[in-house]
Amino acid sequence: MQHGLEIRTPVMHRYHLGKRFFDIVVSLLLLICCLPLFILLAIAIILFSGGPVFFTQTRTGIGNREFTIFKFRTMKTVKQDDNRHKYEWKEGVPDSFLFKTAGDATVTSIGKILRKCSLDELPQLLNVLMGDMSIVGPRPEIPAITDLYNGHQAKRLLVKPGITGFAQINGRSEISHGKKIEYDLYYIENCSLLLDMKIIAATIVFVIRGKGAF
């Protein structure tokens with residue numbers, strides 16, 4: 001297989017059909033089972049930091065198509081700086097780039113707990129059910145970054161982004177952009193049901209340990 005999914009084989013076609021079926025079943029079951037937790041978290045967010053409950057943001061998905069990602073809000077509702085994520089790279093995103101989220105000063109008390117346990121990511125099950133994302137895949141970036149990808153980096157947009165991925169179990173938010181691209185392209189070129197299951201199992205361990213952040 002060359003450069004990820006550029007060449008489709010019957011085996012890969014069956015894999016992607018099976019993966020979509022898995023995504024639908026798992027996301028639907030988890031949404032139903034986690035409904036009481038969703039309600040409790042929504043109440044906690046309102047009580048400790050007011051509304052809104054959800055944070056939405058435009059992200060880049062498969063084929064460079066944009067979609068709206070859902071998360072539980074973990075930051076204070078402050079006016080966003082439109083220049084905060086404006087970049088002027090000319091030859092792709094630098095390998096040394098490390099995306100920095102807002103500091104602790106803007107994260108709410110309940111938000112710190114949600115992030116530590118990765119509970120803020122649960123609403124992305126809706127993105128999976130709608131088909132914008134998969135359970136496993138490269139984490140979706142903001143357009144301000146993906147619009148500046150070079151040809152090599154853009155290959156990570158050949159598959160649906162995921163709630164978790166190969167890069168996340170190899171460093172999560174602690175690795176540089178170059179390493180993240182390396183891990184993501186490895187996943188695209190070697191994706192299989194077995195690898196997906198290994199990533200999901202490793203993710204559960206990471207979440208339990210509370211290491212890093214997705």
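A search of the whole structure turns up 6 salt bridges. Before we visit some of them, keep in mind that this is a predicted model, so what follows describes the prediction.

Lys 19 pairs up with Asp 196 in a salt bridge, and their closest N and O atoms sit 3.9 Å apart. Find Lys 19 in helix H1 and Asp 196 in helix H7: this pair ties together distant parts of the chain, 177 residues apart. Are these two partners buried or exposed? Lys 19 is buried, and Asp 196 is buried too.

Next, look for Lys 71 and Glu 121. Their side chains also meet in a salt bridge, at 3.6 Å from N to O. Here, too, distant parts of the chain are linked: Lys 71 belongs to strand S2 (residues 66-72), while Glu 121 is in the loop between H3 and helix H4 (124-130), 50 residues away. Buried means under 20% relative accessible area. Lys 71 has a relative accessible area of 13%, so it is buried. Glu 121 comes out at 6% relative accessibility, so it counts as buried as well.

Glu 182 forms a salt bridge with Lys 179, with 3.4 Å between the closest N and O atoms. Both residues lie in helix H6 (residues 177-190), and they are 3 residues apart, which is about one turn of the helix. What about their surroundings? Glu 182 has 46% relative accessibility, so it counts as partly exposed. Lys 179, at 36%, is also classed as partly exposed.

Time to look at how helices meet. Helix H1 (residues 10-33) and H2 have axes that come within 4 Å and cross at roughly 55 degrees. That angle is why the two helices are described as oblique to each other. On the H1 side, Leu 31, Ile 32 and Cys 33 do the touching, and they meet Leu 35, Pro 36 and Phe 38 of H2. What kinds of residues make up this contact between H1 and H2? The count is 6 nonpolar, no polar and no charged.

H2 has another helix to meet as well. The axes of H2 (residues 35-49) and helix H3 (residues 109-116) come within 8 Å, crossing at roughly 145 degrees. From H2, the contact uses Leu 41, Ala 44, Ile 45, Phe 48 and Ser 49, and from H3 it uses Ser 109, Ile 110 and Leu 114. Sorted by class, the contact of H2 with H3 holds 6 nonpolar residues, 2 polar ones and no charged ones.

Let's go back to H7 for a moment. Thr 203 lies in this helix, which covers residues 193-209. Its relative accessibility is 10%, so Thr 203 counts as buried. Which backbone atom does the side chain of Thr 203 reach? It reaches the backbone oxygen of Ile 199, at 2.7 Å.

Pro 52 is placed in the loop between H2 and strand S1 (54-60). The peptide bond leading from Gly 51 to Pro 52 is cis, with omega near -5 degrees. In the loop between S1 and S2 you'll find Asn 64. Asn 64 has a positive phi of about 65 degrees, even though it is not a glycine. With a relative accessible area of 43%, Asn 64 is partly exposed.

Ser 118 also has a positive phi, of about 60 degrees, without being a glycine. Look for Ser 118 in the loop between H3 and H4. Its relative accessible area is 12%, so Ser 118 is buried.

Our last stop is Ser 96, in the loop between S2 and H3. This serine has 65% relative accessibility, so it counts as exposed. How far is the C-alpha atom of Ser 96 from that of Ile 175? The two C-alpha atoms are separated by 9.1 Å, although the residues are 79 apart along the chain.

Terms used:
Residues numbered from 1 in each chain as written. Predicted model: local features only at pLDDT ≥ 70, side-chain atom pairs only at ≥ 80, totals over all residues. Heavy atoms only, no water. Axes fitted to C-alpha atoms, helices over the stretch in contact; angles between N-to-C directions. Contact = heavy atoms within 4.5 Å. Nonpolar A, V, L, I, M, F, W, Y, C, P; charged D, E, K, R; others polar. Buried < 20%, exposed > 50% of the residue type's maximum accessible area, 1.4 Å probe, protein only. Polar contact = N/O pair within 3.5 Å; in protein donor to acceptor, adjacent residues only side chain to side chain. Parallel < 35°, antiparallel > 145°, perpendicular 65-115°, else oblique. Salt bridge = Lys/Arg side-chain N within 4 Å of Asp/Glu carboxyl O.
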